[in-house]
Amino acid sequence: MANRKNKSTAYRVAVGGAKGLLRLLIYLCVVLAIVFAGKTAYSFGYLVFDETPMAETKEAGQDVTVIVKEDESVYQIGQTLEKKGLIERPVIFWMQERLSDYHGKIKPGTYILNTHQVTEEMLAILSGEN
């Protein structure tokens, strides 16, 4: 009988230790997920508010012709700008447009943009205000 009691106690201790270890692993995963989400959010926010042109100097900048069609979304315009080498990521352009004074003001037409321009300057040109 004493032997059976020792096995039962050892079993409870082992299960308690396993539960504690599992709980620790879950907490660790939650902390890592929060760190990853924070790092991703910071990187995205930095890119949205960073005003770095693609070309380092004005002399190194190249003029690029961009055609904006009537039914294009801001994201599609961003894809065109990315293909032309004017921006890095269309989703960042989309967010910058949403947060700018030029939200909803982009007009269809043919524009000449430069790789040395920052997004704010491109949006001003695309909206016909510059």
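The side chain of Thr-115 comes to 2.8 Å from the backbone nitrogen of Gln-62. That is a polar contact: N or O atoms within 3.5 Å, where within protein one must be able to donate a hydrogen and the other to accept it, and residues adjacent in sequence count only if both atoms are side-chain atoms. This is a predicted model, in which local features need pLDDT of at least 70, side-chain atom pairs count only at pLDDT 80 or more, and totals for chains, interfaces and linings use all residues. Residues are numbered from 1 along each chain as its sequence is written, and side-chain values use heavy atoms, with hydrogens and water left out.

Thr-115 lies in the loop between strand 2 (109-114) and helix 4 (119-126). Helices (H or I, at least four residues) and strands (E, at least two) are DSSP runs, numbered from the N terminus. Thr-115 counts as buried because its relative accessibility is 8%. Buried means under 20% relative accessible area, with a 1.4 Å probe and protein chains only. Not counting residues up to four places away in sequence, Thr-115 touches residues including Pro-53, Ala-60 and Leu-86. Touching, or contact, means heavy atoms within 4.5 Å.

Now follow the chain into helix 4. Here 6 of the 8 residues are buried, so the helix is largely enclosed by the rest of the structure. Among them are Met-122 and Leu-123. Their cover includes strand 1 (63-68), helix 2 (74-83), helix 3 and strand 2. After helix 4 comes Gly-128, with a positive phi near 80 degrees.

Technical notes. Buried means under 20% relative accessible area, exposed over 50%, partly exposed in between (1.4 Å probe, protein chains only).
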